Amino acid sequence: MSMFHQLMVKPWVTDQGKIDDLYAGGASSGLAKKLALKVFLAVVAVLFMLLVIAYGGRMAYEDWRPAPQLRLLWANTFVLILSSVALQWAQYSVRRGQMDAMRVGLLAAGAFTVVFLFGQVLAWRQLGAMVYFDVTNPAIGFFYLITGVHGLHLMGGLVAWGRTVAKVWGDFDVTKIRQSVELCTVYWHFLLLVWLVLFGLLFTGNNLDLLLKLCGIR
Amino acid sequence: MDYVAHDASAYAPPAEVEEMELYHPKTFVGKYIWSQDAKIIAVQYAVTAIGIGLVALVLSWLMRLQLAFPNSFSFIDPSNYLQFVTQHGMIMVIYLLTALFLGGFGNYLIPLMVGARDMVFPYVNMVSYWVYLSAVLLLIASFFVPGGPTGAGWTLYPPQAILQGTPGATWGIILMLVSLALFIVGFTMGGLNYVVTVLQARTRGMTLMRMPLTIWGIFTATILALLAFPALLVSAIMMLLDATLGTSFFMPAIVSMGQQGGHAGGSPVLFQHLFWFFGHPEVYIVALPAFGIVSDLISVHARKNIFGYRMMVWAIVAIGGLSFVVWAHHMYVSGMNPYFGFFFATTTLIIAVPTAIKVYNWILTLWHGNIRLTVPMMFAIGFIFTFINGGLTGLFLGNVTVDVPLSDTMFVVAHFHMVMAIAPILVVFGAIYHWYPKITGRMLNDSLGKIHFWVTFVGSYAIYYPMHYLGFAGVPRRYYAIEGTNFIPESAQSLNVAITVAALIVGAFQVVFLYNLLWSYFRGKPSGGNPWNATTLEWQTPDTPPKHGNFGATLPVVYRWAYDYSVPGAEQDFIPQNVPPGEVTRSSART
């Protein structure tokens, strides 16, 4: 029943009481974890949305100086895509009971993520060494801030990933591992999506500017 | 209207519901310090919040002393005064009210009222409290660093928040921002728990629309907080970077005290937008739980089902939604586009519609009710008066043309204290008097409670009613002392003295409440399991106070909504939610 329909019912009416009595109650802890992740991702989405809006809002000022573009980010993006693909593969394998393949997928995903983070730090250093570097330029400040926040979220993900990896050797409860892998996969895909949006809008070309103009805001 | 029974043969067979795995601590430390039981965590939250709230109360006394008797106290200089203003506001809004309503009442009531054994993630719940406590400790620490706590006003507007000259611009502001960030992290952990518990851990038969309005209020407020706090987090981090690393997100190029600052190109208005995108929902993060709780108090103590339950739920949801599109009404004087002002004035006034629906429904619930003037009921009725008062001045301030001259005057202070300080605090008191018997197994003393109510209620009016007039007369807020102005009559000073005397009395009388809490814990009359004859699940637990796991061997099954009071045909004037239709005793003379 959709949320809207649920809000329409009259709980005090006898006939509705019969329907309500059929509600079986709390679901399994697995569903609770999934829901918690979704709610958390909604919070993270708001966080990044606000950062993008702040970026766009600041961009609308006349004195906006765009930050230089870093080619390295393309490579980093590619690596992050690979980590998501690896996790997707781990999930596919665990669902089919191929535990070795799952382990490989998990480890590869972790490795690609570490490479991505390393690449981001490299990008930070590259930008820091350029003549354009000026800490008071909001575009540069935003670049460090946004990539930093994104990186921190990936590191948080790596903690969950580490706890999963620690459990997949020896005897383990397949259902639980399967769930952990699924949750990691959702999280990674989400952070990849966030990165693609950030990269596409803010850090390559003047796309946010174009979008704002298309919407008639600038 | 035959509410009593629906066809008993229509029961569904009991479904297999996975039992929750609870962590069972064996040591004292595990049970009461590093506790994973939501009920203990709730008490920890409440005690911490009330403790830090008392600090804020003392700060308000110091402010009032300065306003009534300027230049009489050597320990209050202009910097101190601004620090008191700032810390009073910040503590009351975030560290007291938000933490108490969501961390305190949320933790205690959600699992019990929806029929769950505990929050779904007890460990995360525990961590949430300890992170909150560290945020509070950091805040307290800021009083002891060089320069003291920040005095930038609770809104922490840049550029002045981090410019030299503002009290606490070196250490205080940094501790404040870090403390806020920690608070948000801690809250997010708790908030995820509240939302998921409400959505996933309700007991059999407890559909969303059978939930008490208390849970609806706390649930919706939690969602608001989860979506609004990121704005504060983002702005806190950005300001932290501006203050420490020299970025210029919010800091424009500025010449301060004859020197060119190191910043360039930042936008202070951006901070205001981010801050109020959080700040306005924050009002409803505090108000919605209060709305929910007061609905239940009124229904229980008037022995009547809440009038317009569905409407009440919709109003809560609608207010929650609308609260995200009104933020700029706090910024009418920031120089924004007049069309924006028009838009935000309109949305602001639209919020009055669902809010008014709620007020009418409370009053209609009282209408022809079997009203029992218990202490919780007195606080609930006190809330309705106060909320209407504060709400009406909100209509004034929501209009741009009226707001502009009243902006930054005492009128604003009076308005928001009525609507989001006194009104929710009255609900907090009412709720504590209502649920204390469940938490401790003993009743609070009635006479002390009534003294506490009358002094707090009448005293609050003595403080804030006159303040509206000061605002009309043009007395500005946040000023250390007003001297040499022609437009403010001398009588304003006498009014200030009167307000201060009232504030001192009201504050001091809270000792009666604290004494009552302590005394009743040891000597109070044993309450029994359900002293108010209420229907909701928390009153139907086998033990009072409820033990770990809440409901003994089996979880309750819910057969009705939360408001079966004075049901025609039933012998008793309440039918608990877990009484099956077949077991309701019918009165001999059926209506």
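**View 1. Polar contacts across the interface of chain A and chain B.** In this predicted model, 6 residue pairs, both members at pLDDT 80 or more, are in polar contact across the interface of chain A and chain B (a pair of N or O atoms within 3.5 Å; within protein, one must be able to donate a hydrogen and the other to accept it, and residues adjacent in sequence count only if both atoms are side-chain atoms). On the side of chain A that touches chain B, H3(A) gives the most, with 16 residues. Local features need pLDDT of at least 70, and side-chain atom pairs pLDDT 80 or more, whereas totals for chains, interfaces and linings use all residues; side-chain values use heavy atoms, without hydrogens and water. Residues are numbered from 1 along each chain as its sequence is written, and chains are lettered from A in the order in which they are written.

**View 2. Salt bridge between Arg210(B) and Asp21(A)**. The closest N and O atoms of this pair are 3.0 Å apart (salt bridge: a side-chain nitrogen of Lys or Arg within 4 Å of a carboxyl oxygen of Asp or Glu). The interface of chain A and chain B holds 2 salt bridges by this rule.

**View 3. Salt bridge between Arg58(A) and Asp63(A)**. Their closest N and O atoms are 3.2 Å apart. Arg58(A) is buried, at 1% relative accessible area, while Asp63(A) is partly exposed, at 42% (buried, under 20%; exposed, over 50%; partly exposed, in between; 1.4 Å probe, protein chains only).

**View 4. Salt bridge between Lys39(B) and Asp37(B)**. A distance of 3.3 Å separates the closest N and O atoms. Lys39(B) is buried, with a relative accessible area of 7%, and Asp37(B) is buried, with 9%.

Methods
Helix = DSSP H or I, 4+ residues; strand = E, 2+ residues; numbered from the N terminus.
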